[in-house]
Amino acid sequence: MNSSTLEVRNRFDRRLLFFRIMGVVLLLVLASRLIDLQWLQYEGLFLQAEQNRMNVVPILPTRGEIVDRNGSGLAVNRISWQLTLIPERAEHMDTLLADLQQTLHWGKARVKRILSRIRHARKDRPVLLADKLTWKQAAPIAARLHMLPGIDVQAGTHRFYPYGELTSHLIGYLSLAGPRDVRAGILPTEKVGRSGVERLFESRLHGRTGAQDEEVDVHGRRIRVFRRKPPLMGTQLRLSLDIGLQQTAARALGSRTGAVVVLDVRTGAVLALLSQPGFAPNRFITGLETEQWKAWVDDNQHPLLNRTLQAAYPPASTFKLLVGMAGLQHHAPLATGATQCPGYLELADRKLRCWKKQGHKHVDLHKALVQSCDVYFYKLGDQLGMKAIRDEAELWGFGQHTGIRLTPEASGVIPGEVWRQGGRTRKWFRGETMIAAIGQGAINVTPLQLARFAAAIANGGKLLTPHLQAGLPPEVLRVIDIKPQYLDIIRKAMRGVVTEQHGTAHYPLSNLPWQVAGKTGTAQVIAKAQDDEQLSNVAQQNKYKDHAWFMGYAPYKNPRIAFAVFVEHGGHGGSAAAPVAAAIVRAMAATTTPAVAAKEQG
Amino acid sequence: MISTLKRMDIMLILCLLSLAALGLTTLYAAVHQGGIELWQRQVIYWLLGLGLFFVICFIPLRMAGLFAWPVYALTLIALALVPLLGDVQMGARRWLNLGIIHFQPSELMKWVLMLVLAHWFASRTAASFKDLCMALVFILAPAAMIVLQPDLGTTLVLLSAAAIMLFAAGLSWRWAACGLAAILAALPVLWHNMHTYQKQRVLSFLDPQSDPLGTGYHVIQSTIAIGSGGIFGKGYLHGTQARLHFLPEQHTDFIFAVLAEEGGLIASSLLLLLYGVMISRMLTIAGRAPTRFGGLICIGVAIIFTLYVCINIGMVMGILPVVGVPLPFISYGGSALITMLAALALVMRVGIESKGRVYWQRPGSPLA
């Protein structure tokens, strides 16, 4: 072995040692990274692996249904079918869509929309193709699912309002949860009540969302279920409303704009609450188009306005009942006396007119109420002063919320002697008290307040808080301290309105199964406008036409219902509003068999 | 016959059988959901490979020297044929279809080149400039063909293996330093000529979160799988990343993550230990080799083996860019397994020939 071979050999051995060291170093680098990942970063990475595979799927509760007093569905859940597609599982997208287009009669624009939705969606997650399909539509697809890879048909529910417009203001509608609801723990895909009963009873109708912990694979397919927290279903809500009565009221109002409120005089339960025109609440469920919403908002008939409690109008002559009551309570001389009505009253340089030009001649309280004499009440109001009228009105629940809790509720306006207008305090004129005494001028009331007033007269002075739920005991806000004989005077006059020959509602309310007591009202929209102006077209004439009122209760003896009927620009109370009340009373009397009546009284 | 068997390196055999057991167990976990057909196939590959292993153990090492050059020539021809006849897979022409088996000439070339270099330097050293230049020709010819396929990953592995081999063959430190400097200088040029997908891979290696659903996805998911295994693992067949397919390529390049997730730090470090023992054993055999040719063969095999282990595990753990390199004896794949077993058999043969007849012993050592 020569020296050069030895040198080669030695160099080989040195390199071998170098490789051995390098090998150890490399494996140590790998080992340190292993320790880093599996020991030091273990918790974070384990969590990430868990997040990969765990999926918390919310289980939506079924919303409680709303029914009327007899169990008729007012807001129900309909089963509907959903069509979804997982794009990556579809074999020929074009053929598939063409097939669906033919089966479901889709338009070209719709297919285009769906195509763009698919293009922008994740390919391994279901994309919604169609919603709220009926079984008739979905069945031909469900039957051929094995031929349509990627397609799935699933059942769900959606809200449906069988009576549509008829209950639109009362029941309200739903819409997708907003940011505030989401903060309160509701999912963004859930719907919540936005108005009416749906909103008022949201918490009990809604229920609580459940959840299911699932293991999913990389494609999002469910492998197994770990834990299931069932949802808390919403509970059914039975309203005191009688949908038959509501229908009767709507039929009697016809196409006219107006409001009808019917209350149970003993409990304050709402039997009918109708505002016309209404809107189509089911349009909110299927996804309201902006144009439709705009059309409703811009409509000068204001279909979204609930006229029974969101709007206040001058009560006109119906208010005379209250002023009469105030006269009796405050011992105004005229209340127990009498005066002459020549058809007008002169006050300084102005002439306050009675609606009857030739005048009522000799009038006392009874005749003034029955024939609705304005001059008598100008004088009575003058004797009482505005403060007494206002106190009395507030006692009977005017100028304040009724407490029905449907929001927003108007409180109406009962002015005092000192009052503000346009942000400034100004002096109250004597003449204004006289105008207020016949329910005109600044006074505004809601139909609901007026119906409650009628109920309080009927039930002996108990001012009730109106409520919507069936079977609830009466909630008495206050028992008004009034002598029974005073109430009797008022009641007799209300009966006289219907029975006496010159009563303002004599004709329409005769020949009814129940005896009715009531009061008409005809509210001037613009003072004396009709006298001064020659109005050419009908629309303009309508705009200035009087509002018609009729409020009262029935049966006269042993009263059961109280009502307020309001017809916007309807004309005279006696001829426009009283017939609606007649229809209501007839329907009530027909549905209440003597047996039921006896049972309810027992 | 019996004497040959008796002279086999027991440690290497034990390591090999342990790896076979660990590999088949892990592969089963990776593929069992889609049916065990792949797993059965891999068992057959193992049996074929082990058969070949024992056959090679009986062939004198001289024959390897004789066969090296014709095989090198044939592999070069095969590489040349790839652009003309090859199958396109994943956008690159790398495979030749030989009827029963898809054959990747570039894969075989790494091993053949080692053999050729070992034989070339058996009677020469890389310290001689002329001999070094010839060796560079043997190296650069296949490298040029592979880089044109295009397969940058394999080219880089081939070049690094060959460079380390030159170092083993006696390349002076000075030349080695010059070569390293030249490679560093060439990097910008290389970057400029890379394909977009290759640049993507390098970029996503540097920052996997930059494209978490694209190129970076594989590494993010494998890192999660390994880390979530913790020290004791999630239990056999209970790895969520593997079972629910969050882990991509889990039976081939990313199989280490399956092992690490289900077996934890214990199983993964056991695997590293087995590899460590195996490499150390190869180097020991190299030191005792009866001829310089045998010693260089052992070193060449150890180099490729080490590179594979480090590149694959480094890639799966997110410390190296994604390069398609199998995990030796664990990843699914017949041709890779069989070539590796054949290479290991050569090392084994060196060990067998060294026992008792030490031609090239260092004077003064206890064995002299």
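Student: What makes residues 363-368 of chain B a stretch to treat with care?

Tutor: Their pLDDT, the predictor's confidence in each residue on a scale from 0 to 100, stays under 50. For these residues the model has 6 contacts beyond four places in sequence, a contact meaning that two C-beta atoms, placed from the backbone, lie within 7 Å. Where pLDDT is low, the predicted coordinates should not be read in detail. This is a predicted model, in which local features need pLDDT of at least 70 and side-chain atom pairs count only at pLDDT 80 or more, while totals for chains, interfaces and linings use all residues. Residues are numbered from 1 along each chain as its sequence is written, with chains lettered from A and ligands numbered from 1 in the order in which they are written.

Student: How confident is the predictor elsewhere in chain B, and where is confidence lowest and highest?

Tutor: Chain B has a mean pLDDT of 87, and 89% of its residues reach 70 or more. Confidence is lowest in strand E1 (residues 87-89) of chain B, with a mean of 65, and highest in helix H12 (residues 255-287) of chain B, at 96. Helices here are DSSP runs of H or I with at least four residues, strands are runs of E with at least two, and both are numbered from the N terminus. Chain B holds 14 helices and 3 strands.

Student: And what is the average for chain A?

Tutor: Chain A averages 88, with 93% of the residues scoring at least 70. Residues 527-533 of chain A fall below 50, and this stretch has 2 contacts beyond near neighbours in sequence. For the model, ipTM is 0.92 and pTM is 0.71.

Student: Why is Phe329(B) called buried?

Tutor: A residue is buried if 20 or more other C-beta atoms lie within 10 Å of its own, exposed if 12 or fewer, and partly exposed in between, with C-beta atoms placed from the backbone. Phe329(B) has 28 such atoms within 10 Å, so it is buried. Phe329(B) sits in the loop between helix H13 (292-316) and helix H14 (334-354) of chain B, and its phi is near 70°, a positive value in a residue other than glycine.

Student: Why is His105(A) called exposed?

Tutor: His105(A) has 9 other C-beta atoms within 10 Å, so it counts as exposed. The loop between helix H3 (93-104) and helix H4 (108-120) of chain A holds His105(A), whose phi is also positive, near 55°. Most residues other than glycine have a negative phi, and most peptide bonds are trans.

Student: Which peptide bonds are cis, then?

Tutor: One cis bond joins Gln276(A) and Pro277(A), with omega about -5°. Another joins Thr407(A) and Pro408(A), with omega about -10°. Pro277(A) is in the loop between strand E12 (270-276) and helix H11 (282-285) of chain A.

Student: How do you know that helix H8 of chain B has close to its expected span?

Tutor: The expected span is 1.5 Å times one less than the number of residues. Helix H8 (residues 173-192) of chain B has 20 residues and reaches 30 Å from first C-alpha to last, close to the expected 28 Å. A kink of about 35° lies at Ala186(B), shortly before the proline Pro188(B); the bend is the angle between axes fitted to the seven residues ending at a residue and the seven starting there. H8(B) is hardly covered, with 0 buried residues among its 20.

Student: What makes a set of residues a nonpolar core?

Tutor: Its members are buried Ala, Val, Leu, Ile, Met, Phe, Trp, Tyr and Cys residues joined through C-beta atoms within 7 Å. The largest such core has 123 residues, and Ala454(A) and Phe563(A) have the most contacts inside it. Helix H23 (residues 573-591) of chain A gives the most to this core, 11 residues. Apart from it lies another core, of 111 residues, including Ile146(B) and Leu337(B).

Student: How many residues of each chain are in contact with the other?

Tutor: 32 residues of chain A are in contact with 41 residues of chain B. H1(A) supplies the largest share of chain A's side, 20 residues.
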